[in-house]
Structures are given as C-alpha cells and as structure tokens.
Amino acid sequence: GTLTPVTPPETATTDSYAFAFDIDGVLLRGGRPIPEAIEAMKVLNGQNEYGIKVPYIFLTNGGGKTEQERCVDLSRQLELEISPGQFICGHTPMREMAQKYKTVLVVGGEGEKCRLVAEGYGFRDVVTPGDIMKDNDRTTPFRRLTDKESRNSRVRNFGETEIEAIFVFADSRHWGDDQQIIIDLLTSKNGRLGTRSKDYDEGPPIYFSHNDLIWSAAHEHTRLGMGALRSSLEAIYKSITGKDLVSTAFGKPQLGTFQFATRLLQQWRKDTHGINKPPETVYFVGDTPESDIRGTNEFNESKLSENDWYSILVRTGVFKEGTKPRYTPRMTVDNVLDAVNHGIKREM
Ligand code: G3P
Ligand code: MG
C-alpha cells in the first residue's frame with residue numbers, strides 16, 4: 001500500500017477558523033498581561049483537549065511605536081513569539097497615505113517615536129510639534145521644551161514650509177500644546193504657520209489613527225483616549241471658526257481596518273500555516289462595544305466580508321457588567337480565556 005504522511009494531532013492547525021484580538025482591556029491593562037491572557041495563547045497554540053492549533057492576529061487601536069518594536073514588547077508580555085505579520089495597530093493603515101502628502105505634522109506618542117514610525121512608512125517630510133516649538137518658543141506660552149526634547153527637534157524655516165496634512169498617530173502627551181499647534185494649522189492658509197485664513201477654509205486635512213473616546217489602562221476606571229482629543233478639538237474649532245471640523249479617523253470600528261485585517265490574516269495563514277483559503281469564521285475578541293463589537297458586527301453585515309466575523313465581548317476592560325453595551329456582541333464572556341474556549345468549542 002502507499003504511505004500517507006500523517007500529521008500528528010498535536011500539530012494540526014485548523015483551516016476553518018481563526019481568532020483576532022484587541023489588546024488593551026483584553027490581553028493587557030496598563031502594559032501588564034491580564035492573568036488569563038497567557039493561558040489563552042497557550043490554548044490557541046495547541047494546549048487544548050483537541051490538540052488543535054488555531055491561527056490568530058492582533059488588531060489594536062493603540063500605537064506610538066513601530067509594529068516591530070510593539071511585537072517585541074507583546075512577545076515578552078504574553079510569553080510567546082509574536083510577529084509583525086500578525087499585528088495591526090491604529091496607525092498601520094496610515095502607511096498607505098505616505099505618498100499622498102509631502103510635508104506632514106505627526107502628533108502623539110513618546111519623544112521622537114512617531115516621527116520614526118511615519119518615516120518608516122515612507123512619509124517624506126515629517127514635522128513634529130517639537131520642531132515648531134523649537135522654531136518659535138512663543139507658540140506655547142506655558143511650556144518650554146526640555147533639553148532632550150530640544151535635541152530631538154529639528155530646525156527649519158517654517159515661513160517656507162507648507163504642512164499638507166496633520167496625522168495624530170498616537171495619544172498626545174501634551175494635549176493643550178498639541179491642540180494649540182493643530183488649531184494654528186487648521187486655521188492657517190495652506191498649512192503655513194503664522195498665517196490665518198479669512199474664511200477658515202484653507203487649512204490642511206486632519207487624520208486620527210482611531211476614535212476611542214475612552215480605553216482601558218491600569219486605572220480601575222477607563223481613561224480618556226484619542227477620541228476625546230478629537231471631540232475637544234472639534235468643539236474648540238467650532239467655537240473659534242463657527243464651522244464644523246471635518247476629520248477622518250482610522251482604526252476600529254472603520255470597515256477599512258477590518259478589510260486590512262482580512263488581508264493580513266489571509267497572508268499570515270498562508271505564510272506560516274500554508275493555508276490557502278479564507279477561514280469560514282473569524283472570532284474577534286474585544287472589550288470596547290463602540291470600536292470592537294460595532295466594527296466586527298458592521299463588517300460582518302457588510303458586503304465587504306467574505307467570512308463570518310463573530311464578535312465576543314469580554315468583561316476585563318471598557319465594558320462593565322450592569323450596563324447594556326451599545327452594540328450587541330454575539331457572545332459575552334468574563335475574559336479572553338473564556339472567549340478562546342467558547343470559539344474552539346463552538347467549532348467542534
Ligand atoms: O490607545 C489605545 C486604546 O485606545 C485602544 O487599544 O487595544 O483596546 O484597541 P485597543
Ligand atoms: Mg480594547
């Protein structure tokens with residue numbers, strides 16, 4: 001007879017379903033793993049009663065570092081190897097806008113990190129709020145750059161610079177000063193600092209990497225997120241100009257982000273597991289009804305999705321028991337381990 005190679009059951013990888021995880025409030029809180037997260041990852045890697053491995057990706061609205069750097073952190077935090085090939089953060093899709101504008105303002109994050117992320121994406125000329133403050137220290141009446149910030153900031157002639165777009169890559173560390181600079185640009189003539197548009201209709205466009213009003217960090221209660229910065233900017237802009245601010249947000253719950261995730265998952269399954277077809281079901285585990293559950297459900301109901309995106313809400317982050325989530329998940333469980341077990345069981 002012929003010999004058929006047998007795959008031992010402990011290494012069998014399912015090709016019919018996959019998982020996608022939100023990070024803050026599901027796997028981490030304030031940079032530390034949620035206790036059940038490490039176990040949940042082990043279960044996906046074959047430590048379950050069926051000896052089956054399940055492919056998975058990560059889809060966070062957070063950011064502020066390169067995907068590579070973030071995966072190094074996440075690998076340490078979750079005690080397993082995580083690759084950029086299975087990781088999308090809030091600003092990852094901004095990569096696709098790198099050729100659209102020449103000079104851009106990049107806001108948010110620690111020190112110089114977001115400038116480096118943007119340059120890594122191929123943005124050709126990246127300005128930071130620090131560059132602007134270094135050039136003109138009257139920009140922010142109540143803050144001076146520290147020596148380190150000043151060293152990180154680049155000197156240039158802003159009188160000759162047209163900033164073509166504003167990108168908020170990650171959470172702002174200095175809301176007031178960053179908002180001042182953003183308002184200066186939004187009300188300028190063609191993104192030229194020091195000018196004012198008469199009818200406020202010449203400012204550059206503004207993009208946010210996500211729109212989370214609140215998120216789940218180390219504090220027992222949720223913290224203000226980039227969506228809160230966006231709403232306050234809208235309110236300030238409206239009071240000053242009398243006009244509505246038009247802005248764009250990436251991240252969850254935008255359907256484009258889920259399309260991006262679909263492509264990444266497809267590539268990841270192909271490259272690392274040799275699976276050449278789309279999964280029937282993608283279990284998405286999240287803690288924020290407005291981003292995670294809304295996005296998963298709306299993507300699933302849209303014509304854009306070719307698989308069944310199944311939303312699972314956990315109770316370890318933004319969503320708390322006793323309130324009714326504004327977007328209804330297909331399943332609610334206590335934590336990410338229960339979510340993983342629920343999905344695997346449902347497939348058996
Ligand atoms: O700033 C990060 C936060 O708004 C959300 O992160 O992982 O819950 O999508 P995540
Ligand atoms: Mg979250």
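Tyrosine 200 sits in the loop between helix H6 (175–186) and strand E11 (206–208). Its phi is near 55°, a positive value in a residue other than glycine. Before I go on, please keep in mind that this is a predicted model.

A second residue with positive phi is glutamate 79, where the angle is near 60°; this too is a residue other than glycine. Glutamate 79 belongs to the loop between helix H2 (67–78) and strand E7 (87–88). Is glutamate 79 buried or exposed? With 11 other C-beta atoms within 10 Å, glutamate 79 is exposed.

Now the overall layout. Where the two touch, domain 1 supplies 20 residues and domain 2 supplies 20 residues. On the domain 1 side of that contact, helix H8 (residues 255–273) gives the most, with three residues. By class, the residues on that side of domain 1 are two nonpolar, 13 polar and five charged.

Next, the ligand. Which residues surround ligand 1? They are Asp22, Ile23, Asp24, Gly25, Thr60, Asn61, Gly62, Asp171, Asp212, Trp215, Gly225 and Thr288. In this shell two residues are nonpolar, six are polar and four are charged. Why does ligand 1 lie between the domains? Domain 1 and domain 2 both give residues to the shell around ligand 1, so ligand 1 lies between them.

Back to helix H8. The loop between strand E14 (247–249) and H8 contains proline 253. Lysine 252 and proline 253 are joined by a cis peptide bond, with omega at about 10°.

H8 also packs against another helix. Two packed helices are described by the angle between their axes and the distance between the axes. For H8 and helix H9 (residues 289–301), the angle is about 75° and the axes are 9 Å apart. H8 is therefore roughly perpendicular to H9. On the H8 side the contact is made by Leu255, Thr257 and Phe258, and on the H9 side by Gly295, Glu298 and Phe299. This contact of H8 with H9 has three nonpolar, two polar and one charged residues.

My last stop is a pair of residues, aspartate 135 and valine 155. Aspartate 135 is part of helix H4 (residues 129–135), while valine 155 is in the loop between helix H5 (147–152) and strand E10 (165–168). They are 20 residues apart along the chain, and 6.3 Å separates their C-alpha atoms. Aspartate 135 has 18 C-beta neighbours inside 10 Å, so aspartate 135 counts as partly exposed. Valine 155 has 9 C-beta neighbours inside 10 Å and therefore counts as exposed.

For valine 155 they are Lys134 and Asp135. Valine 155 can also be placed relative to valine 127, 28 residues apart along the chain, with 9.9 Å between the C-alpha atoms.

Technical notes
Residues numbered from 1 in each chain as written. Chains lettered and ligands numbered in written order. Predicted model: local features only at pLDDT ≥ 70, side-chain atom pairs only at ≥ 80, totals over all residues. Contact = placed C-beta atoms within 7 Å. Helix = DSSP H or I, 4+ residues; strand = E, 2+ residues; numbered from the N terminus. Nonpolar A, V, L, I, M, F, W, Y, C, P; charged D, E, K, R; others polar. Near = placed C-beta within 6 Å. Domains from an automatic or database assignment. Buried ≥ 20, exposed ≤ 12 C-beta atoms within 10 Å, placed from the backbone. Axes fitted to C-alpha atoms, helices over the stretch in contact; angles between N-to-C directions. Parallel < 35°, antiparallel > 145°, perpendicular 65-115°, else oblique. Lists of a residue's contacts leave out its neighbours within four places in sequence.
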